[in-house]
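Below is a short report on how parts of this structure pack against one another. Please read it with the sequence and the model side by side.

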Amino acid sequence: MKTTLATLAAATLAAASAGAEEVHVYNWSDYIDEDLLTKFEEETGIELIYDVFDSNEVLETKMLAGGSGYDVVVPTGTFLQRQIAAGAFQPLDYDKLPNAEHLWDVIRDRTEKYDPGHEYSINYMWGTTGIGADVNEVTEILGEDAPVGSLDLIFDPANMEQLQECGVHFLDAPTEMFPAALTYLGLDPDSKDPDELEQAAEVLEAVRPYVQKFHSSEYINALANGDICVAFGWSGDILQARDRAAEADNDVEIVYNPPKEGALMWFDQMAIPADAPNPDAAHEFLNFIMDPQNMAQASNYVYYANGNLASQEYLNEDVIGDTAIYPDQATLDNLYTVTPYPPRVQRTVTRLWTRVKSGT
Amino acid sequence: MRRFVVVAVPYLWLLALFLIPFVIVLKISLSDPAIAIPPYAPTLDLSEGWQGLKDFFAGLDFENFAFLTTDDLYWKAYLSSLRIAFVATLFTLLVGFPIAYGMARAEERWRPMLLMLVILPFWTSFLIRVYSWMGILSSEGYLNQVLLALGVVAEPLTILNTNAAVYVGIVYTYLPFMILPIYATLEKLDMSLLEAAEDLGCSRLSAFWLVTIPLSVPGIVAGCFLVFIPTIGEFVIPSLLGGSETLMIGKVLWEEFFSNRDWPVASAVAVILLLILIVPIILFQRNEQKQREAEG
């Protein structure tokens with residue numbers, strides 16, 4: 001809400017001083033150090049209008065409707081792939097992006113399948129989807145050997161029944177929850193088979209009564225304040241919650257674990273819409289973000305790993321040294337990626353998701 | 001000439017703000033989804049001339065409406081929306097009528113201020129007012145803090161993210177729409193009628209029941225429609241205050257549009273919703289007209 005108000009204020013100010021060069025950036029909420037926004041404006045003299053979303057679906061609908069007015073958007077790899085197919089983006093002009101040389105080949109290779117040759121996008125950040133838990137509360141309820149690093153914690157109804165008293169949030173994103181439930185069943189997380197998806201829905205339905213809320217951004221504050229004790233969410237968001245709790249000194253101790261059964265690895269890519277009003281400024285923004293020091297500043301702030309190799313020397317020790325953010329090889333081998341659902345399967349998944357959430 | 005303008009202006013208004021948007025939505029509801037911008041096909045290409053127009057119409061069909069009948073989610077959502085709208089309207093009436101009655105019975109010099117108090121909250125953004133209800137109703141919210149402090153409850157109540165919170169939100173948001181028309185009829189009420197009733201042996205209560213209530217019916221009906229009609233399609237209140245078990249057609253529409261990227265099915269859902277709404281809208285129009293004629 002705070003960010004939304006700030007955005008509104010920024011938009012009003014921008015409208016007042018129309019005429020100056022502007023770049024409109026649409027990024028995920030809580031996903032940048034806002035000092036960088038001011039720094040960009042000071043360095044380039046371009047007015048930056050920064051707006052936020054918290055679901056890929058909202059971004060995609062704006063892209064497919066066309067005329068969004070944004071110059072830079074940040075879809076996740078799977079969504080990017082489909083939007084490229086729809087013709088939503090313009091090819092990047094790498095002559096205007098000298099900082100692209102700093103990109104990390106490990107991430108470049110893994111994002112190749114979403115955007116072959118990186119014709120349309122560069123990696124902004126990447127992370128995993130996993131379990132955030134308030135260890136004190138969870139061990140108090142489930143005992144010292146509570147499976148905080150396992151999908152058993154959130155998908156075993158026996159555990160969830162006990163955890164409901166301290167509160168559990170799940171992401172309101174079927175594209176995240178179905179791969180996790182499939183992994184729990186030992187099936188292919190990228191499965192498009194309706195029968196297997198049905199089984200995954202049954203896993204989710206079994207624990208549904210104990211889930212307090214399905215939401216994709218509220219859990220940061222809820223975890224940090226101790227309103228809930230477990231969240232299945234995005235790595236950096238949970239780590240932000242951990243730090244907010246530590247700052248508040250409120251006896252809440254959050255840990256993040258990618259599930260040991262396997263965790264989803266996702267990539268948020270920056271791209272320029274085909275009808276961007278100011279593609280030149282958009283390239284300038286991309287180049288600014290790919291500057292190693294700027295990228296490091298962003299990662300140090302949001303606790304997500306980035307796709308920029310040269311930035312790593314500027315990263316704080318609690319970022320680069322944290323295996324929850326920059327996984328070691330063993331964890332990395334245990335991460336999987338998924339591909340977009342074809343339209344018919346997408347409908348099945350959304351329908352199953354509605355059934356899971358509403359029981360209808 | 002004057003007569004022509006008087007008739008033409010409302011119809012032009014209806015054409016521009018209702019019929020044209022409806023035709024666009026209807027057109028999309030007859031198309032097929034596609035991975036493109038915009039995400040449906042066929043799109044009308046006028047540069048192709050007559051052939052383009054023919055191709056366009058050949059690509060339209062009622063497949064999406066047929067699809068809606070294959071899944072019980074849709075009619076359940078319509079029914080659930082109707083039920084929530086009905087119950088919420090009833091609560092709004094129960095809360096709104098006494099307020100309107102009190103306002104109409106207040107001393108004349110107080111009335112403008114009372115009216116102002118009803119309208120004033122409208123000057124704050126609707127979204128912010130709904131958000132503040134989240135702060136009041138959450139388990140650590142003000143309501144629970146007060147109840148716990150007074151010892152009314154031992155454990156905080158779970159109100160936020162349930163249907164109860166949706167009702168609170170709707171009643172709060174739409175209350176002025178109920179109060180204002182009722183107040184308007186009550187204010188015009190001829191007090192001598194009540195005196196006559198009492199002279200003829202009515203108690204105050206039965207005078208209220210036999211005179212005030214029947215005479216305020218046009219206001220009550222208008223207020224109920226003004227609350228009922230927009231509540232059926234309500235999206236913001238259930239998505240902010242409701243839980244995942246709150247099933248409303250607005251939410252289903254959102255999922256079709258955003259999660260499935262299926263604009264044609266989303267449009268079909270919207271067309272049906274409009275057809276459902278047309279009945280109460282026509283009844284509302286009749287009621288208004290009758291009232292005007294009675295006054296005229």
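## A helix pair in chain B

In this predicted model, helix H8(B) meets helix H10(B) through B:Ile170, B:Tyr174, B:Phe177, B:Met178, B:Pro181, B:Ile182, B:Ala184, B:Thr185 and B:Leu186, and on the side of H10(B) the partners are B:Leu215, B:Ser216, B:Pro218, B:Gly219, B:Ile220, B:Ala222, B:Gly223, B:Leu226, B:Val227 and B:Thr231.

Two packed helices are described by the angle between their axes and the distance between the axes. Here H8(B), residues 163-188, and H10(B), residues 204-232, pack at an angle of about 155 degrees, and their axes are 8 Å apart. Because angles over 145 degrees count as roughly antiparallel, H8(B) is roughly antiparallel to H10(B). The crossing in which H8(B) passes H10(B) is right-handed.

## The contact between chains

Between the two chains, 21 residues of chain B are in contact with 25 residues of chain A. On the chain B side, the elements that give two or more residues are helix H4 (72-105) and helix H12 (249-259), and H12(B) supplies the largest share, four residues. The residues on this side of chain B divide into eleven nonpolar, four polar and six charged.

Just after H12(B), the backbone at B:Arg261 takes a positive phi of about 55 degrees.

## Chain A as a whole

Chain A holds 17 helices and eleven strands, and its C-alpha atoms fill a box of roughly 60 × 50 × 40 Å along the principal axes. A compact globule with 360 residues would have a radius of gyration near 21 Å, and the 20 Å of chain A agrees with that.

Of the 360 residues in chain A, 50% are buried. Among the contacts in chain A with a separation of 6 or more, 73% are between residues 24 or more positions apart.

Notes. Residues are numbered from 1 along each chain as its sequence is written. Chains are lettered from A and ligands numbered from 1 in the order in which they are written. This is a predicted model: local features need pLDDT of at least 70, side-chain atom pairs count only at pLDDT 80 or more; totals for chains, interfaces and linings use all residues. Two residues are in contact if their C-beta atoms, placed from the backbone, lie within 7 Å. Ala, Val, Leu, Ile, Met, Phe, Trp, Tyr, Cys and Pro count as nonpolar, Asp, Glu, Lys and Arg as charged, and the others, Gly among them, as polar. Axes are lines fitted to C-alpha atoms, for helices over the stretch in contact, and angles run from 0 to 180 degrees between N-to-C directions. Angles under 35 degrees count as roughly parallel, over 145 as roughly antiparallel, 65 to 115 as roughly perpendicular and the rest as oblique. A crossing is left-handed if the near helix is turned anticlockwise from the far one by less than a right angle, and right-handed if clockwise. The radius of gyration is taken over C-alpha atoms; the globule rule is 2.2 Å times the number of residues to the power 0.38. A residue is buried if 20 or more other C-beta atoms lie within 10 Å of its own, exposed if 12 or fewer, and partly exposed in between; C-beta atoms are placed from the backbone.
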